[in-house]
Amino acid sequence: MTDQLKHAINAAKTAQINDKQAEATRIASSSAGDQTFDMSESSYKTSHTAIRKARRFAMQGLYEWLVTDRRFDVDGKLGWKANAPHDIAARTRATNAMHTVHIGYYHEMMRDIPEQIEALDALILQHLDRDIDKLDTVEHAILLIGTYELQNRLEIPYKVVLDEAMKLNNHFGATDAHKLINAVLDRMAVELRATEVESDTKANLRTSQKSATKQAQVKPADSTEATNESAIDDSPTASNKPRISANNTSVKRNSASKASANISEFKASKKDADDAKNQD
């Protein structure tokens, strides 16, 4: 074995040991409460479907956090807190097949939304007709994700944010909850995405105007055709010429008188024939 080959084998072993140590350090820091999420995991999917799945897992994780640590925190039961967001994320990754999920975005939501919970709740409350604690927990989690995306993920169109919130509610929420979620996020979009909403409104207006212009251009031609059809209908034709009624008294014939005349004529001619025969 050459020295060059030995050096290559030793380098590979050293790199493997370093990787194991780094993984052990990451796990230890996570257990200690340090949320060191890897946002650039290239081995996981980053497609639209993968992001949607990340939202679903985040919704479930936030729901679990809201009914445990968050509730205990609000109620002042600080000693009961033992279900931190990073622990929920670690447990979710350990018990689910996450190879089709955008892990980076999932970790981002599980980290940032709990950290920004007060600010996000304040935004939601501005457009809500009830207190936050009166919200169903599933609705609260969905609104937190939608509010977070409207405020922090400007690259995601606001219509996509609203549509994805509706899909989350269809999958996890109550039947009529979509009305409240859509109303809150729609009003919030006007505030947080004012420029985008205004541009979209103008684009829709231009589309409506173009459609109205096309209809106006087609309408005169239709009117001309209708006028021509009316003129054609008014002109005399075989079908609309005046007809003499069969019941018209001026042309009515007495069929009985005609029959009687024919009989008399027949009798007279027969008599003449008989007289001529007798004379012979």
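A pocket, in the sense used here, is an open set of grid points with protein on both sides within 12 Å along at least five of seven lines. In this predicted model, the second largest pocket holds about 270 Å³ of space.

The lining of the second largest pocket is made up of Leu-66, Arg-70, Arg-71, Val-74, Asp-75, Asp-121, Ile-132, Asp-133, Leu-135, Thr-137 and His-140, and by residue class it divides into five charged, four nonpolar and two polar residues. Two helices, α2 (48–74) and α6 (137–152), each supply at least two residues of this lining, and α2 gives the most to it, with four residues.

What does Tyr-158 touch, if residues up to four places away in sequence are not counted? The residues in contact with Tyr-158 on that basis are Leu-150, Ala-189, Arg-193, Glu-196, Val-197 and Asp-200. With Asp-200 there is also a polar contact, made between the side chain of Tyr-158 and the side chain of Asp-200 at 3.1 Å. Met-188, for its part, stands 30 residues from Tyr-158 in sequence, while the C-alpha atoms of Tyr-158 and Met-188 are 9.8 Å apart in space.

Technical notes: Residues are numbered from 1 along each chain as its sequence is written. This is a predicted model: local features need pLDDT of at least 70, side-chain atom pairs count only at pLDDT 80 or more; totals for chains, interfaces and linings use all residues. Side-chain values use heavy atoms; hydrogens and water are left out. Contact means heavy atoms within 4.5 Å. A polar contact is a pair of N or O atoms within 3.5 Å; within protein, one must be able to donate a hydrogen and the other to accept it, and residues adjacent in sequence count only if both atoms are side-chain atoms. On a 1 Å grid over the protein atoms alone, a cavity is a set of points where a 1.4 Å probe fits but cannot get out, and a pocket is an open set with protein on both sides within 12 Å along at least five of seven lines; lining residues have an atom within 4 Å of a point. Grid points are joined across faces, edges and corners, and a volume is the space filled by probe spheres set on the points. Ala, Val, Leu, Ile, Met, Phe, Trp, Tyr, Cys and Pro count as nonpolar, Asp, Glu, Lys and Arg as charged, and the others, Gly among them, as polar.
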